Amino acid sequence: MSLDRETVRRIAYLARIKVEDERLDQIAGELDGILGFVEQLSEVDTDGVEAMTSVTELTMPLRADVINDGDCRDKVLANATDPFDGFYTVPKVVE
Amino acid sequence: MTYRIVGETGEWEVVIGLEVHAQVVSNSKLFSGASTEFGGAPNTHVSLVDAAMPGMLPVVNEKCIEQAVRTGLGLKAKINNYSVFARKNYFYADLPQSYQISQFDKPIVGAGVVILDMPDGTTREIGIERLHLEQDAGKSMHDQDPKRTFVDLNRSGVALMEIVSDPDMRSPEEAGIYVRKIRSIVRYLETCDGNMEQGSMRADVNVSVRKVGSTELNTRCEIKNVNSVRFVMQAIEAEAQRQVELVESGGEVEQQTRQFDPSKGETKAMRSKEFAHDYRYFPDPDLLPIEFSEEYVEAIKATLPELPDEKKQRYMSEYGLSAYDAGVLVVDRETGHYYEAVLGKNRDPKLAANWVISNLFGALKAESKSIEESPVSAEQLGQLLDLIADDTISGKIAKDVFEKMIASGDDPAVIVEKEGLKQITDTGAIEAAVDDVIANSPEQVAQFQGGNEKIAGWFVGQIMKATQGKANPGMVNKMLKEKLG
Amino acid sequence: MSKTLTNLTIAEARDGLAAKEFSAVELTEAHNDAVVAARDLNAFVSETPGLALDAAKASDVRRASGDVLGSMDGVPIAMKDLFCTEGVQSTAGSHMLEGFVPAYESTVSKNLKDAGSVMLGKANMDEFAMGSSTENSYYGNTINPWKASSGPDAGSDLVPGGSSGGSASAVATRLCLGATGTDTGGSIRQPASFSGIVGLKPTYGRCSRWGIVAFASSLDQAGPMTRTVRDSAIMLGSMAGHDPKDSTSAPVETPNFESAMGLGVKGLRIGIPKEYTAEGMPQEISDLWQLGADWLREAGAEIVDVSLPHTKYALPTYYIVAPAEASSNLARYDGVRYGLRVEGDSLDDMYMNTRAAGFGEEVQRRILIGTYVLSAGYYDAYYVKAQQVRTRIAGDFKSVFEDVDVLLAPTAPSPAFAMNAQLDPVSMYLNDIFTVPASLAGLPGISVPAGLSEHGLPLGLQLIAKPFDELTLLRAAETIEQSAGFELPVFSGGEG
């Protein structure tokens, strides 16, 4: 198995990480190395084995339906890059 | 009624499936203690969890689980005692975690069915594929600033139920009735307020077309976020037409996400990179599977109200109402409540239905009021029916009284009393009026006796006029017949 | 004075404070000085000497009025920079979070605060806890105070292991009495082994993850890093506890872990899993492992050979599961609500510029791998497969724990190595080969310094116990500690 540049480009876009074209081959090589390493899992017989969804044997705790949080805009916006008038802002999105 | 699109190459059928997003009625959000209240200054109904601060973790709201189960029961669906929250990964300005906590291959509710009451009195069954819980996103505002989009996370994390239908609908009309029916059911259950203007309910509409007779499912387009029943129907019509024209002119339908523009009455492709839509669902490792017992489900089942389908059946069998009348009265829970309150213990069900459907609905529509805002209470309307039943007033007078009740909100007895509308049942008084009219109308008496029986109606009219409509019409008729011979 | 105070264990400091031999302020000042004197090790991203003094003063006030909060009251510690601390920059070792000052305190750091402990600063770490050498920090690498006495690396700067390398180095250098770490695949145990200290990864669910910058949610677990087993027991007691804000936090009682001290291992059955060997593992590590088994036997335990047949698949499983979760957990760093933003022409450009600049190479690599293994067409072959193998790995442990109480294994396949020694990602990953299996199964594990390599570097032995059986784990750990008689040198950096 080996990753092509196009796949790396697609994956990088999905992850929203800008990758310059000249780095594509190097990254493809590194990812190939890792994928080659994990390939050995195919040796394991997992027929009928349940995929783990939780390592603990707990049941999910439930929260009561009460309002006991929020109303803390200062905290919410404290570390924002470019807040305006109570909003977060991002570069304009054209829909 | 079969819906067909007549193209150049023949007749086409439209295949429709809907994903209805219904906001769960709860005080706080699905995974945080922030308020779900609509409105509010930007980013005030936001906890650090909703803003996806580093290290923040979700804890599920028990009410939302209950509401989903409740809705599943209302949709006669399979309740899954084991289900899993999964992350749907994508980047967007209004999605602070850059993933939506949703459910993927193990939803909380499985297959169910919804019955549509068609206007011709027939019914159609639409399959429900699943219902799952998920988080709502925040809101982006693109038109506030020339360079920036503003983001408000007040909606972020509010619980939604996504109700996915099978591709069972074949006309815009069916889709419209389906949305109304879902709305009716969730409102009965009080699991969603069904308010489409505020966005508490909205639909993604999947549309494909095929030649009549074909059973293939062709490539579909998804029209996102349609927020009224009317727009759902219009969007389907426009999209089906577009697809037929596209295919007939040699094109091919591409699987796309589209948007409906109500002002132009057309759908257009959203500016999206389709190849990028790879949501990479996987079980959310911050949460555990949702598990509950059969007893839990049974306990919720025990609290379900009578739902529209059962209520309709009961109105038909118990009260002898027509399918149409029964269907109209059960559309929402409040109407059913109102009707049954009017009915009281032993009033005439058909008469009560007529009054609610013809008179009350008409008056409410004219005043743009909902049944909860009705100026005439169910008890008052019941009193009015009693006045008709015990011959205090005639049905005709009752209509006038009702109009006055709508205007004033007064009890019918008060209006009848104040306006002196009480029906005259005193034989002497009626006899006097009859005698008077006969005595003053020799010409008409002669005509009647000459064989013109139609003129009897003229006499009744004169007598009613003389009594300001208050004479008991039955008694007037009887007496006239006797006197005129 | 200060040299003595920094040499104390937590237990000794507790006793000394109780006996009023010194004050919390004195203890804290000595450590503040040590932190400054050892800056060349780069163990801290942020130092908080002022806050530390304030906390120490408050501790002394409490003590004067007889309101001591417990064993940790007045004890100076380092906090791994993965824990969000209210009002104090919390970076996770990343450029992405440079300048991020949380408006909230993680549950574990709050528990420690509420127990009266004194935070000296935020310890350096591999970015987002991804790494085994603390070379992946945006704030520069941390240096291990140990130096090889001979061999090819003699005299060179060595790595302290990772990702909790700042914590490990700070504890080993006596800049603090204990430190918090987090362990996802070995990030407490491996640096503890490399630095000659004790590192305890509790059972998954023992300590709350709330407020800890997430790496891989199903694996991340906080734990103490200290110079003695008893100190780990004491410190864990102040970190642990059920937290309703973390759905995966276990609703279990926090026992008095220190009560395990002195109980010994008589009657315990200790398993030796034969699969814990690695290609090229030095003989000295196998020898030490054998020695450890002998110590336990001599102390009255029964040694049993056991098999965990899926051990070799743990690392590949981990390198699917952990990056997959990380790719999603780190998606929130998008330049909008906190942290770095690098502007761009569109929203997507801004995201891509920000994330390319904000994340270092290893983090980017893991995000890309994680994205790939979850993507359409690969999810079943990689992610589902890995979670199935994980079920098998957990099953292996479950069945051996029907027969034994504790497992003994090496912590890492090598002693500390020189900086820039591991050039390709996979050989770096192999450092975690012995620690990852217990992480995948959510089991408690501890690394105890047990001896020195031929070049004079510390080597740890690892013990693994049943879920929530840290008490038995600590009993065995104390026995190893006593039998090994390991002496942590006093490094010049920390003397001030």
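Me: Say two residues are in contact if their C-beta atoms, placed from the backbone, lie within 7 Å. How many residues of chain B are in contact with chain A, then?

Reply: 43 residues of chain B are in contact with 35 residues of chain A. Bear in mind that this is a predicted model, in which local features need pLDDT of at least 70, side-chain atom pairs count only at pLDDT 80 or more, and totals for chains, interfaces and linings use all residues. Residues are numbered from 1 along each chain as its sequence is written, while chains are lettered from A and ligands numbered from 1 in the order in which they are written.

Me: Which elements of chain B give two or more residues to the side that touches chain A?

Reply: They are α1 (62-74), β9 (148-152) and β16 (290-291) of chain B. The names come from DSSP runs numbered from the N terminus: helices are H or I with at least four residues, strands are E with at least two. The largest share, five residues, comes from β9(B).

Me: What is the make-up of that side by class?

Reply: The side of chain B that touches chain A has 21 nonpolar, 14 polar and eight charged residues. Here Ala, Val, Leu, Ile, Met, Phe, Trp, Tyr, Cys and Pro count as nonpolar, Asp, Glu, Lys and Arg as charged, and the others, Gly among them, as polar.

Me: Back to β9(B). Which strand of chain A pairs with it?

Reply: Strand β1 (residues 88-91) of chain A pairs with β9(B) in the antiparallel sense, over four bridges. Two strands pair if DSSP finds at least two bridges between them. In this pairing, Pro91(A) stands opposite Arg148(B).

Me: What holds paired strands together in general?

Reply: Strands of a sheet pair through backbone hydrogen bonds, either parallel or antiparallel.

Me: What else is in chain A?

Reply: Chain A has three helices and one strand, and from the N terminus on they run α-α-α-β. Its radius of gyration is 22 Å, well over the 12 Å that the globule rule gives for 95 residues, so chain A is more spread out than a compact globule. That radius is taken over C-alpha atoms, and the rule is 2.2 Å times the number of residues to the power 0.38.

Me: What does the C-alpha trace of chain A span, and what share of its residues is buried?

Reply: Along its principal axes the trace spans about 55 × 45 × 25 Å. Buried residues make up 35% of the 95. Buried means that 20 or more other C-beta atoms lie within 10 Å of the residue's own, exposed means 12 or fewer, and partly exposed is in between, with C-beta atoms placed from the backbone.

Me: Now chain C. How many of its residues are in contact with chain A?

Reply: 56 residues of chain C are in contact with 36 residues of chain A. The elements giving two or more residues to that side of chain C are α10 (314-329), α11 (347-358), α12 (361-374), α13 (379-400) and α14 (425-429). The largest share, ten residues, comes from α13(C). By class, the side has 29 nonpolar, 18 polar and nine charged residues.

Me: Is strand β4 of chain C buried or exposed?

Reply: Six of the six residues of β4(C) (178-183) are buried, so the strand is largely enclosed by the rest of the structure. Gly178(C), Thr180(C) and Thr182(C) point one way, and Ala179(C), Gly181(C) and Asp183(C) the other way.

Me: Which strands does β4(C) pair with?

Reply: Among them is β2(C) (76-80), which pairs with β4(C) in the parallel sense over two bridges; there Ala78(C) has Ala179(C) as its bridge partner. Six bridges join β4(C) to β6(C) (221-226), and these two run antiparallel. The bridge partner of Thr180(C) in β6(C) is Pro224(C).

Me: Last one. What is the domain assignment of chain B?

Reply: It gives domain 1 (5-300), domain 2 (308-419) and domain 3 (427-484), with bounds that come from an automatic or database domain assignment. The C-alpha centres of domain 2 and domain 3 of chain B lie 33 Å apart. Their contact takes four residues from domain 2 and four residues from domain 3.
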